[in-house]
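My entries follow in the order in which I made them.

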Amino acid sequence: MTDPRQSLITQLLDAEFTAFEAALQACPDPLFGRVPRVGHSVAWHALHVMDWTRATIQPGLTGPDPAHTFGYLGSEDADWGRAAYGPTLAHETDPPALIRAAVQDVFGAARRDLTDAPTERFGLDATFTMFHKRRHVTGSVTYHLRHTAYHRGQTALVLKELQ
(Lines give C-alpha, C1' and ligand atoms only; values in the text may rest on other atoms or scores of the structure.)
Protein backbone atom coordinates (compact mmCIF):
# COMPACT_ATOMS: atom_id res chain seq x y z
CA MET A 1 0.00 0.00 0.00
CA THR A 2 1.23 3.50 -0.84
CA ASP A 3 2.24 5.77 2.00
CA PRO A 4 -0.21 8.71 2.34
CA ARG A 5 2.70 11.20 2.37
CA GLN A 6 4.10 9.67 -0.81
CA SER A 7 0.69 9.78 -2.49
CA LEU A 8 0.05 13.40 -1.51
CA ILE A 9 3.53 14.63 -2.45
CA THR A 10 3.34 12.80 -5.78
CA GLN A 11 -0.08 14.27 -6.54
CA LEU A 12 0.95 17.82 -5.60
CA LEU A 13 4.25 17.75 -7.50
CA ASP A 14 2.55 16.25 -10.56
CA ALA A 15 0.01 19.09 -10.51
CA GLU A 16 2.78 21.72 -10.20
CA PHE A 17 4.86 20.11 -12.95
CA THR A 18 1.79 20.09 -15.21
CA ALA A 19 1.12 23.78 -14.46
CA PHE A 20 4.78 24.69 -15.03
CA GLU A 21 4.83 22.85 -18.38
CA ALA A 22 1.64 24.71 -19.38
CA ALA A 23 3.32 28.02 -18.49
CA LEU A 24 6.27 27.14 -20.72
CA GLN A 25 3.91 26.20 -23.57
CA ALA A 26 2.09 29.54 -23.17
CA CYS A 27 5.27 31.46 -23.96
CA PRO A 28 5.61 32.13 -27.70
CA ASP A 29 8.87 30.80 -29.12
CA PRO A 30 10.22 34.25 -30.13
CA LEU A 31 9.94 35.40 -26.49
CA PHE A 32 11.20 32.20 -24.83
CA GLY A 33 14.88 33.18 -24.74
CA ARG A 34 14.45 36.95 -24.46
CA VAL A 35 15.78 38.47 -21.27
CA PRO A 36 13.52 41.01 -19.55
CA ARG A 37 14.81 44.31 -18.16
CA VAL A 38 15.18 42.66 -14.73
CA GLY A 39 15.66 38.96 -14.12
CA HIS A 40 15.93 35.99 -16.42
CA SER A 41 14.34 34.65 -19.58
CA VAL A 42 11.59 32.04 -19.55
CA ALA A 43 14.22 29.64 -20.93
CA TRP A 44 16.45 30.26 -17.90
CA HIS A 45 13.56 29.66 -15.47
CA ALA A 46 12.73 26.42 -17.30
CA LEU A 47 16.32 25.20 -17.07
CA HIS A 48 16.68 26.33 -13.46
CA VAL A 49 13.64 24.32 -12.38
CA MET A 50 14.83 21.40 -14.51
CA ASP A 51 18.28 21.35 -12.88
CA TRP A 52 16.85 21.71 -9.37
CA THR A 53 14.44 18.86 -10.10
CA ARG A 54 17.47 16.75 -11.05
CA ALA A 55 19.22 17.90 -7.86
CA THR A 56 16.37 17.27 -5.41
CA ILE A 57 13.98 14.55 -6.57
CA GLN A 58 16.22 11.79 -7.91
CA PRO A 59 18.97 12.13 -5.29
CA GLY A 60 16.48 12.07 -2.44
CA LEU A 61 14.56 9.07 -3.69
CA THR A 62 17.07 6.90 -5.55
CA GLY A 63 20.46 8.36 -4.56
CA PRO A 64 22.68 11.04 -6.09
CA ASP A 65 24.26 10.45 -9.47
CA PRO A 66 27.87 11.68 -9.24
CA ALA A 67 27.92 12.14 -13.03
CA HIS A 68 25.25 14.88 -12.89
CA THR A 69 26.44 18.41 -13.35
CA PHE A 70 24.25 21.48 -13.42
CA GLY A 71 24.32 24.79 -15.26
CA TYR A 72 21.30 26.66 -13.94
CA LEU A 73 21.25 26.32 -10.16
CA GLY A 74 21.44 30.07 -9.70
CA SER A 75 24.30 29.78 -7.21
CA GLU A 76 27.21 29.32 -9.56
CA ASP A 77 29.26 31.88 -7.61
CA ALA A 78 29.11 29.81 -4.40
CA ASP A 79 31.76 27.15 -3.78
CA TRP A 80 29.18 24.33 -3.84
CA GLY A 81 27.69 25.76 -7.06
CA ARG A 82 31.06 25.93 -8.80
CA ALA A 83 31.76 22.34 -7.74
CA ALA A 84 28.48 21.16 -9.35
CA TYR A 85 28.72 23.34 -12.46
CA GLY A 86 29.07 21.63 -15.81
CA PRO A 87 27.18 20.35 -18.82
CA THR A 88 23.44 20.11 -18.38
CA LEU A 89 20.64 18.70 -20.55
CA ALA A 90 19.90 21.92 -22.44
CA HIS A 91 21.10 25.51 -22.62
CA GLU A 92 19.36 28.85 -22.56
CA THR A 93 20.27 29.49 -26.20
CA ASP A 94 18.79 26.18 -27.42
CA PRO A 95 15.52 26.17 -29.38
CA PRO A 96 12.43 26.40 -27.15
CA ALA A 97 11.19 22.96 -28.28
CA LEU A 98 14.44 21.35 -27.13
CA ILE A 99 14.27 23.08 -23.73
CA ARG A 100 10.61 22.14 -23.27
CA ALA A 101 11.41 18.53 -24.19
CA ALA A 102 14.32 18.39 -21.71
CA VAL A 103 12.08 19.75 -18.94
CA GLN A 104 9.36 17.27 -19.85
CA ASP A 105 11.85 14.36 -19.75
CA VAL A 106 13.19 15.41 -16.34
CA PHE A 107 9.70 15.89 -14.95
CA GLY A 108 8.70 12.47 -16.31
CA ALA A 109 11.68 10.84 -14.60
CA ALA A 110 10.85 12.67 -11.35
CA ARG A 111 7.24 11.51 -11.54
CA ARG A 112 8.44 7.91 -11.96
CA ASP A 113 10.91 8.29 -9.07
CA LEU A 114 8.15 9.64 -6.84
CA THR A 115 5.83 6.75 -7.70
CA ASP A 116 8.46 4.00 -7.62
CA ALA A 117 10.43 5.06 -4.54
CA PRO A 118 10.22 2.83 -1.49
CA THR A 119 7.77 4.25 1.04
CA GLU A 120 10.53 4.60 3.65
CA ARG A 121 12.05 7.39 1.51
CA PHE A 122 9.04 9.49 2.55
CA GLY A 123 9.55 8.84 6.26
CA LEU A 124 10.23 11.83 8.44
CA ASP A 125 13.78 10.63 9.15
CA ALA A 126 14.74 9.89 5.50
CA THR A 127 17.69 12.02 4.39
CA PHE A 128 20.17 12.30 1.56
CA THR A 129 23.33 14.29 0.91
CA MET A 130 23.50 16.70 -1.98
CA PHE A 131 25.99 19.51 -2.48
CA HIS A 132 27.79 18.41 0.69
CA LYS A 133 24.70 19.06 2.80
CA ARG A 134 22.43 16.59 4.58
CA ARG A 135 18.79 17.16 3.57
CA HIS A 136 15.45 15.63 4.56
CA VAL A 137 13.73 14.00 1.60
CA THR A 138 10.21 15.27 2.26
CA GLY A 139 11.45 18.75 3.16
CA SER A 140 13.55 18.93 0.02
CA VAL A 141 10.79 17.68 -2.25
CA THR A 142 8.11 19.92 -0.76
CA TYR A 143 10.47 22.91 -0.92
CA HIS A 144 11.00 22.12 -4.61
CA LEU A 145 7.24 22.09 -5.09
CA ARG A 146 7.06 25.66 -3.78
CA HIS A 147 10.20 26.61 -5.70
CA THR A 148 8.64 25.40 -8.96
CA ALA A 149 5.46 27.39 -8.27
CA TYR A 150 7.57 30.49 -7.62
CA HIS A 151 9.34 30.14 -10.98
CA ARG A 152 6.03 29.49 -12.73
CA GLY A 153 4.98 32.89 -11.43
CA GLN A 154 8.26 34.40 -12.60
CA THR A 155 7.68 33.08 -16.13
CA ALA A 156 4.24 34.75 -16.14
CA LEU A 157 5.82 38.07 -15.10
CA VAL A 158 8.52 37.78 -17.79
CA LEU A 159 5.93 37.01 -20.44
CA LYS A 160 3.74 39.90 -19.29
CA GLU A 161 6.68 42.31 -19.61
CA LEU A 162 7.80 41.05 -23.01
CA GLN A 163 4.40 40.98 -24.71
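**Entry 1**

I started at Thr155 and, leaving aside its neighbours within four places in sequence, found it in contact (heavy atoms within 4.5 Å) with Phe20, Ala23, Leu24, Val42 and His45. I noted that this is a predicted model, in which local features need pLDDT of at least 70, side-chain atom pairs count only at pLDDT 80 or more, and totals for chains, interfaces and linings use all residues. Residues are numbered from 1 along each chain as its sequence is written, and side-chain values use heavy atoms, with hydrogens and water left out.

Thr155 lies in helix H6; helices are DSSP runs of H or I with at least four residues, strands are runs of E with at least two, and both are numbered from the N terminus. Is Thr155 buried or exposed? I found a relative accessible area of 3%, and Thr155 is buried. The cut-offs I used are under 20% relative accessible area for buried, over 50% for exposed, and partly exposed in between, with a 1.4 Å probe and protein chains only.

I then went to Thr138, which is also placed in helix H6. Outside four places in sequence, I list Ile9 and Phe122 as the contacts of Thr138. From Thr138 to Asp65 I get 19 Å, C-alpha to C-alpha, for residues 73 apart in sequence.

His144 is buried, with a relative accessible area of 1%. Not counting residues up to four places away in sequence, His144 touches Phe17, Val49, Trp52, Thr53, Thr56 and Ile57.

**Entry 2: the whole chain**

How many helices and strands does the protein chain have? I count 6 helices and 2 strands, and along the sequence the pattern reads α-α-α-α-α-β-β-α. The radius of gyration, 16 Å, is close to the 15 Å from the globule rule for 163 residues, so the chain is as compact as a globular protein of that length. That radius is taken over C-alpha atoms, and the rule is 2.2 Å times the number of residues to the power 0.38.

The C-alpha atoms fill a box of roughly 45 × 35 × 25 Å along the principal axes. Buried residues make up 47% of the 163. Among contacts with a separation of 6 or more, 67% join residues 24 or more positions apart. I also recorded 15 positive and 18 negative side chains, with the centres of the two sets 5 Å apart. Lys and Arg count as positive, Asp and Glu as negative, and His and the chain ends are not counted; each charge is placed at NZ of Lys, CZ of Arg, CG of Asp or CD of Glu.

**Entry 3: the core**

I looked next at the largest nonpolar core, which has 43 residues. Such a core is a set of buried Ala, Val, Leu, Ile, Met, Phe, Trp, Tyr and Cys residues joined through side-chain atoms within 4.5 Å. Phe32, Ile99, Leu114 and Phe131 have the most contacts inside it. The elements giving two or more residues are helix H1 (4–26), helix H2 (29–32), helix H3 (42–62), helix H5 (96–116), strand E1 (127–130) and helix H6 (137–162). H3 gives the most, with 11 residues.

For Ile99, I list contacts with Phe32, Ala43, Ala46, Leu47, Ala90, His91, Glu92 and Asp94, again not counting residues up to four places away in sequence.

**Entry 4: two loops**

Phe131 sits in the loop between E1 and strand E2 (133–136). It is not a glycine, yet its phi is positive, about 55 degrees. His132 lies in the loop between E1 and E2 and has a positive phi of about 60 degrees, although it is not a glycine. Which of the two is buried? Phe131 is buried, at a relative accessible area of 14%, whereas His132 counts as exposed at 76%.

Ala117 lies in the loop between H5 and E1 and counts as buried at 7% relative accessibility. Leaving aside neighbours within four places in sequence, Ala117 is in contact with Gln6, Leu61 and Phe122.
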